[in-house]
Amino acid sequence: MTSTATTTSGTVRRATEPTPILAIDKLPPGQHFISGEFRAGAGNESQAIVDPCTEAVICEVAQGTAADADAAVGAALEAKESWSRTLPKQRAEILLAIADRLADNADLLSRLEALNTGKPLMVAEDDVASSIDSFRFMAGAARVTTSLAAGEYAEDHLSVILREPLGVVGVVTPWNYPLLMAVWKIAPILAAGNTIVLKPSEQTPLTTLKFAELTADLLPPGVLNIVTGLGPVIGARLAEHPDVDMIALTGSVNSGRAVARVASETVKRVHLELGGKAPVVIFADADLAAAAESLRVAGYWNSGQECGAGCRVLVHESVADRFTQLLVEQVSTLVVGEPTAGADVEIGPMISKAHFERVLGHLERAQASGAKAVLGGGALEGSGYFVAPTVLADVPEDAACTLEEIFGPVVTVETFSTENEAVTRANQVPYGLAASVWTLNPQLGHDVASRLEAGTVWVNSHLVLATEMPWGGFKSSGYGRDLSAYALDDYSRTKHVMHNKAR
Ligand code: NAD
């Protein structure tokens, strides 16, 4: 913990047994994965990977150069021809084999993810289960893509729509769900017949590298390449590379802007899944207990380092006190701890010292602006980057903490008096990833859901995802869709072939 951090009541449950979460020989090689093999990079630099629970260095991973990115793009380009010609059925079989391989190694992957991110095992296990499901879904979806029927739409001309892969797709992923966010890209991109160069977050490359190691014998060399290193070096090179046909990034708005700017030089396609600040609109007739119980998970899952987290409550003024009390009761039962401190641990540390300090800075500014921490409000004692689950009440309208992404275990509570005010204020944030509305009046629920500017809106629920349904944002949250058949659309292109039947 840093000297600047304010500490708050509450404890971090520490692991009691000295057994490590994962044996050191289970770590993946800390090298790039190019053309089906691990290899050292062109440079000599490496990056320390830190356990956010203990602040100890886990291992070193290569910090790549633009030359490494170029080598990976070359490998992906070479593999593209034959991979793009595989039949959907062949790709589906490989994706199903990958799903089985992940399932066989689910415990190892969960533990590795928990080690690198500090996230509770229950969260890491959910990530791995969702990753497996993504591969299974995309395996099926690749075989049932639909488009306009072939037919005559102009006299004597037969129109046929071909759906083609884009070619080489560059992918940049964040640290909050390292494996899952990589899989949300890899599964549809491969299913659509593209090859990939992926750069994981410099802080959390371990499960992505392990994925490459585990699936190396299932994919032809060059179809999936991983280059580790910094965003402005590797990510930027992928965005600018003339042989990369699309750049897909999940991360912050600033990084999204940076890749979109660079990508415009080669007019390549851009797919962006960026930040969020999901409003939770609670009307007076809502089931308040159900809303509070749901937000216990939806506001704090992955320690609030979740782009769709229900972190900004707008509750009708007549029920605000009652709701806040119920929320505090729920959130105060969350168990904070290290991943090995028990299967019931629900909240882990922030990913890094820098992010920990960022979250604490938000909390200090929020309280200085008049918001009251009715629960938590600061760091927790001891090693690691732990922040107490926090509920901020009496939050002034337009306070920065209600508009900016905090990305920690913090939920703000504001009040409103009319439906129009609730919708206007909910839509005030620059983000538009997710939102929820809580009411027992179905007409009101549907009306407000249709007026909220977000790619996903829940009615009487929050943060429930389905692999079959699209995920993605409006406004500053980006464009393009992950999950569902819409992702396959995004990672492929349509070509119209028209035959003159009269000749
Ligand atoms: P980040 O933007 O700092 O980093 C994301 C990735 O972008 C990293 O791999 C990083 O190296 C790379 N990057 C950074 N600068 C770059 C540049 N100039 N060019 C190319 N790549 C660059 O984000 P983060 O802190 O790792 O992740 C948290 C953010 O991700 C939050 O804003 C969160 O909301 C967002 N997120 C969104 C979704 C979604 O589905 N919309 C999902 C998960 C996370």
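Modeller: Contact means heavy atoms within 4.5 Å. Helices (H or I, at least four residues) and strands (E, at least two) are DSSP runs, numbered from the N terminus. This is a predicted model, in which local features need pLDDT of at least 70 and side-chain atom pairs count only at pLDDT 80 or more, while totals for chains, interfaces and linings use all residues. Residues are numbered from 1 along each chain as its sequence is written, and side-chain values use heavy atoms, with hydrogens and water left out.

Biologist: What covers the buried residues of α10?

Modeller: The cover includes β12 (278–282), α9 (288–298), β13 (310–316), β14 (372–375), β15 (390–393) and β16 (410–416). The buried residues of α10 are Ala320, Phe323, Thr324, Leu326, Leu327, Val328 and Val331. Two of these, Thr324 and Val328, are in contact with Val374, as are Val391 and Ala393, leaving aside neighbours within four places in sequence.

Biologist: Why is Val374 called partly exposed?

Modeller: Buried means under 20% relative accessible area, exposed over 50%, and partly exposed in between (1.4 Å probe, protein chains only). Val374 has a relative accessible area of 33%, so it is partly exposed. Val374 is found in strand β14. Between Val374 and Thr390, 16 residues apart in sequence, the C-alpha to C-alpha distance is 7.5 Å.

Biologist: Why does Asn105 count as buried?

Modeller: Its relative accessibility is 18%, which is under 20%, so Asn105 counts as buried. Asn105 is found in the loop between α2 (88–104) and α3 (106–117). A polar atom of its side chain lies 2.8 Å from the backbone oxygen of Arg101.

Biologist: Why is Asn302 called buried?

Modeller: Asn302 has a relative accessible area of 2%, under the 20% limit, and is therefore buried. Asn302 is found in the loop between α9 and β13, and its phi is near 60°, a positive value in a residue other than glycine. Most residues other than glycine have a negative phi.

Biologist: Which value makes Leu463 buried?

Modeller: Its relative accessible area is 17%, again under 20%, so Leu463 is buried. The phi of Leu463 is near 65°, and the residue is found in the loop between β19 (456–459) and β20 (474–475).

Biologist: What makes α5 mostly covered?

Modeller: Of its 14 residues, 14 are buried. Helix α5 (residues 178–191) reaches 20 Å from its first C-alpha to its last, close to the 20 Å expected at 1.5 Å a residue. The expected span is 1.5 Å times one less than the number of residues. Just after α5, Gly193 takes a positive phi of about 95°.

Biologist: What makes a set of residues a nonpolar core?

Modeller: The members are buried Ala, Val, Leu, Ile, Met, Phe, Trp, Tyr and Cys residues joined through side-chain atoms within 4.5 Å. The largest such core has 59 residues, and Phe135, Ile186 and Phe211 have the most contacts inside it. Helix α4 (residues 121–141) gives the largest share of this core, 9 residues. Apart from it lies another core, of 48 residues, among them Tyr177, Leu288, Trp301 and Val413.

Biologist: Which side-chain atoms lie 2.6 Å from a ligand oxygen?

Modeller: An N or O atom of Glu202 does, and a polar contact is a pair of N or O atoms within 3.5 Å. For Ser255 the distance is 2.5 Å, and for Trp471 it is 3.0 Å.

How values were computed. Polar contact = N/O pair within 3.5 Å; in protein donor to acceptor, adjacent residues only side chain to side chain.
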